[in-house]
Structures are given as C-alpha cells and as structure tokens.
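Trainee: I am new to this structure. Can we go through it together, step by step?

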Amino acid sequence: MADSTLVTPTGASGGRRGGRAKPVHLRNRPLWMLLPGGILMILVIVVPLVVAVLMSTLDLDQYTLQSWLQAPFIGVQNYIEAVLDSSLLRSIGISVSFAVIAAVVTMPIGVAAALATQNKFRGRALVRSLFLIPYVLPAFVVGTLWRTMLQPGGVVDSTLGSIGIHSGLWLNGPLSYWSLIIVQIWTSWPFFYLLVLAGLQSVDHEVHEAAAIDGATWWIKLRYVILPYLRGPIFLALIIAFLHNINAFTLPFVLFGVPAPQDVDVLPVLTYVTSFQSFRFGLSAAMAICSLILIAIPLFVYLRAVKLDSGDEGEKR
Amino acid sequence: MTTTATPPSTASASRSRSTAATIKRKANGTRQGDITRLLPKPLLVTVITVLLVIVLGPVLYMLFSSVNGDASVAGGAFFPTELHFDNYIKVWSTVDLGNGLMNSVIVCLAVAVVCAFLAVATAYVLVRYEFRGRLTFLRGLLGLQSIPGTLMLLPVFVLFSSAASILGIQIIGTRAAVFITYLTFALPFSTWVMVTYLRGLPKALEEAARIDGASSWRILTRIVVPLSWPGIVVSGIFAFLLGWNDVLFASVLTNPETRTAAVALQVFGATQEGGAIPLYGQMMAASLICAVPVVVLYLVFQRYLIGGLTSGGVK
C-alpha cells in the first residue's frame, strides 16, 4: 500500500496522456471484478455460439438431441440442404429487403420528428413522451394490437373502406409483407428520432447564429448547415435500425403466428420453426449461422464507426 | 424566417437535455427560440400533428377496444359501441395472466438487480483501468447485442438440458433458466450504459480514497456505487425490459407454470383463431395490462433512459 500511496497520484494526474506505459498504474488493477460478468457472458453467449457452429455440422433431430455430442457428423450437408432444399434463400431475401425498406423509411420520419421537436413550444414535453410510446410498447403487445387491427373486416379495413379503398387480406398473401413493414416502421421510428435528436444537440448555438446573421432561409440552413451535422448520427441510426429489423423475431412471430405465411417467413421465424416445430435442429443451426454471416458486414461497419472511447481513457480514438 | 410569429413563451431558453451550450443560450435571451428554429411553423405543426395521429390512433384503439364488445371490434369499430369494463375482470380467468405477470415480475426484477450490479463492477474496471483487450471487450459489449436471439436459442436450450442431465436437476421449465438467460443477454447493454455513465464521473474522489489506502473493492462499493445510482437504475431498467419483452426464449425455456406474461399473451392470441369470434376485448385488455408497467417505467425515467438508449449510437 505504501508505494501505491506515493505513486498513484502521479499515475492519475498523468493519466490523461495515457497511463499505459507506467508499470505502477498497472498494479492493483481489480481485474477480478470482470470475472462474474465475463464468465457469465462466456458461458451463456460465447460457448453457445461455438456450440451452434458445432451443431450446424451434425445430423440432429428430436431423437439425437438428447445425446447431441454423439450425433452423426455430416459436415456442410446442413448448409447445402439449407441453401438448396429449404426456403432459406427466399427468407434471406424477405429479411434483407424488409430490414432495408423499414430502416430507410424510418429515416425521414425520424429526422422530421427530431427537427420538429428540437425547439421549445408549449406541450413539447408531452409530445416527446407520446412519440416514444410506439417504441416502448413491448413487441408482443404491438403484434397483438396490429393483428387485431388488421383482421379482415377490422378497423383498418373499415377505415380504408370509408374512404373508398378496398384492400385485400393484410395478414395473409402478398400484402402481409407490407403489413410487416408498416408495423415495424410504426414501432421503430422513435428510435431513429432519438438518435437524430441526440445528434442535433451537438449543433452549437453559434452555428444557428451564423446562419441567422447570413439570413439563410430555413431550407438552406437545414440543407447546408444542419444536415452535415446529422450525417454521422443518421448513418449510424440506419445501421442500427437495419440490425434491429433483421433480428426482429417477436413482431412477425406474434403478428402472423407460425408457421408464417410464406411472404413474411423472415429468417428468425424460419430458424425458429425449423428447430421447434420441424425438429430439424442441425439444419436450423446452419440457418442461424447464415443469419450471423448476414449481419456480420453491417455489424462490422457499426463497430468501426461507433465511438468506443471518450478520449479520456485510452489513446486518441 | 427570424421575423416574429412566435409567441414570447416559445423563446425561453434551456433545453430539457442541457449541454455545455445551455449557458450560452441562456445568456442570449429572448430571441434564441427564433434563431435555433429549424422548421417554419406551419410545417412544424403539420409534422407534429401527422405523427401524433399515427402514434395515437393505434394506442387509443387499444384503449377503446379493451372495453368494447368482441363483435364490435371484429366489425371494425374504432370507438366502443358498447361498454364492457368487465373485460378487465374476465381476462384474469380467461388467461393465466396473474401467474404470468408474477413470473415476469419475479424474474425481471431479479435480473434487473443482479445485472445492474454486475454491470457497475465490470464497467468500473473498463473505464478506470488499462488492460490488454479492453477495447475488444468494449467492442464485444456492443457487438454481442446484435447477435440474433434465434441463433442463441437452440444451443442455450441444449446446453441447459445437457447441464441438467449431468447435474441431475431440472433447469428447463424453471424460472432459473430464463433468469440466467436474460441476465446474460442484458449484461452487454447494461454494462455499456454503465460505461458511458461512469465516464462522466469525476475521478477525484476515487483518487483521494486510493491515497487513503482504500482497496478497489472498497472504492467500488463505497464511492462508485453510491455516486452512480442514476446509471445503475437505468441499466437495471434496461435489463428488466429485456426480460419483460422477450417471447423467444421464454416460449421455449418455460412451461405453463413458469410462463411469463409475454408468452401468456402470445399463446392467448394464437389460440383465439378459428371458430367463434376471438375475445378481442380481453385480448386488448391483456395487452394493455402487459404494456402499462413498461410505458410507465419509460415515461418516469424518460430522461435517463433516452441517454442510455442513444449511448450506442454516438459517433
């Protein structure tokens, strides 16, 4: 203790410039505190990840699952079957297009909402709270609610009918794909709005002043002054929204039930059904690995783009 | 656009989320509301009105339908044509909602408490100490959130059943199964929230304690934890919500006795298809009952939770 008493203040005051090289700074690190959380994450996340890869190479069904380690090894055959003989490719197409469309459409909505609530007005706090509701409602509630609304002859049909639009079935057939997109947009746009709002906070007041002094119209100011500030947050929000959408399981699961109509058979639901309804566990694991590959690129981009360090710790960033 | 049309009340200064710039804004006095205005008023009003209609339509529909007759809901009525407040009484016996809510509350509260404290310890080390692999750890926290749950479900299920047969105890179907699962899947995000919170905490007190000879554990429990209650509460709430909102894991890892409210509602909805008119009124009542705790939590802790939510989106 004696020497740490002497030296730590130095290490700490020099900490701003990265205390990495100082051996004393490296002493007394309570790294054991990382253990409970770290071990848990390794046991319940990393180990299952490895097991998932292993399982995707096994011929697993409800009979071999009990002693899954003894199940016959069949190499990449599950992957071959997934690609050639299952609806995997179609599901990937549905999932990716759904995730992209939903993310892209939430962008203008989120930006508009953020711009509109940026300035103080009477009742703004209430409006901001109300805007959050679709996002904070649990997905299973959103699913149940919209499933009721979209029933044949339900409130959506009767509302559209009163203005002369007679659509087909919302929960089955080709329209179901758009139902899924609409509901996902309804429930996820507030997240985009929050990220853009956070981005707007970083615009200095001087910037507003400068634009006002130059007499910029609102559109010019928005386009050439404000929007450049928002490019980063919007880009990140798009990636996060895509990742959220493509992993969405609960909403399609509750909205359409299982087995899902083929137009909304998104990848997570397909994987789930293959496991727990068809009991093709090996095949399902292979599909799940494919979904991991699918998100790998956007996830990589996201992890590169996001700011990990505040700059106070570690080095530059 | 800087010319008037704005009532003086809108011009008052500070934002709800204050930044360093707030002080400057305050000094700027009355005209700042005009200067920072981004949309012309008619457009602003249009945007807000349209969005409010889109948001509130379905939400009010849920409220109205929960006291409406089933036939009326099936017929596409928005406003209740008859009042059935008894939906809120009947639903408790139609669905095992009471049991589901109790399971959800027990599991999610336990997850929230344990997760928040594991998160604060992990985040403390991540923020205050240098070690090899620190950045990887931080990146992992963000990355792990995006691992699809459907990928984890099967191996977690299988590992639990294998562990059970080795240890000779039942895991699947117990509350412990969902507890461990939710705890782990909540940890990365809760830890990340704590990391961003602890960064804002001054080091001075910890350093003073260190000079006085306090151990790291003492510093954590006596200084860091008491100072970071807001962050701990937020990361606990996120952990709670993760469990509350989950259907995927609970649908496989629980049995009818340990079923969470989410699964109870999902099963209720799924079994209403076919035959007679579904019990729409009770379904909406049950949805509302499941949604209220979450919405209330969010609205009460709104300011803090939003900061946490957007912490993974800062560039």
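This is a predicted model: local features need pLDDT of at least 70, side-chain atom pairs count only at pLDDT 80 or more; totals for chains, interfaces and linings use all residues.

Mentor: Residues are numbered from 1 along each chain as its sequence is written, while chains are lettered from A and ligands numbered from 1 in the order in which they are written.

Trainee: How many helices and strands does chain A have?

Mentor: Helices (H or I, at least four residues) and strands (E, at least two) are DSSP runs, numbered from the N terminus. Along the sequence, chain A reads α-α-α-α-α-α-α-α-α-α-α-α-α-α. The count is 14 helices and zero strands.

Trainee: How many helices does chain B have?

Mentor: Chain B has zero strands. Its helices number 16.

Trainee: How far apart are the centres of domain 1 and domain 2 of chain A?

Mentor: Domain bounds come from an automatic or database domain assignment. For chain A it gives domain 1 (2-55) and domain 2 (79-305). Taken over C-alpha atoms, their centres are separated by 36 Å.

Trainee: What percentage of the residues in chain B is buried?

Mentor: A residue is buried if 20 or more other C-beta atoms lie within 10 Å of its own, exposed if 12 or fewer, and partly exposed in between; C-beta atoms are placed from the backbone. In chain A, 45% of the 317 residues count as buried. For the 315 residues of chain B, the value is 47%.

Trainee: Which residues does Val120(B) contact, leaving aside its neighbours within four places in sequence?

Mentor: Two residues are in contact if their C-beta atoms, placed from the backbone, lie within 7 Å. By that test, the partners are Met194(B), Val224(B), Val225(B), Ser228(B) and Ile232(B).

Trainee: Why is helix H13 of chain A described as largely enclosed?

Mentor: H13(A) spans residues 267-276. Its cover includes H11 and H14 of chain A, together with helix H8 (149-167) of chain B. Tyr272(A) is one of its buried residues. The helix is largely enclosed by the rest of the structure because the buried residues number eight of the ten.

Trainee: At what angle do H11 and H14 of chain A cross?

Mentor: Axes are lines fitted to C-alpha atoms, for helices over the stretch in contact, and angles run from 0 to 180 degrees between N-to-C directions. H11(A) covers residues 218-247 and H14(A) residues 281-305. Their axes come within 10 Å, and the crossing angle is roughly 145°.

Trainee: Which helix gives the most to the side of chain A that touches chain B?

Mentor: Here 109 residues of chain A are in contact with 105 residues of chain B. The top contributor on chain A gives eleven residues: helix H3 (residues 35-55).

Trainee: How many nonpolar residues does that side of chain A have?

Mentor: Ala, Val, Leu, Ile, Met, Phe, Trp, Tyr, Cys and Pro count as nonpolar, Asp, Glu, Lys and Arg as charged, and the others, Gly among them, as polar. There are 29 polar and eleven charged residues on that side. The nonpolar residues number 69.
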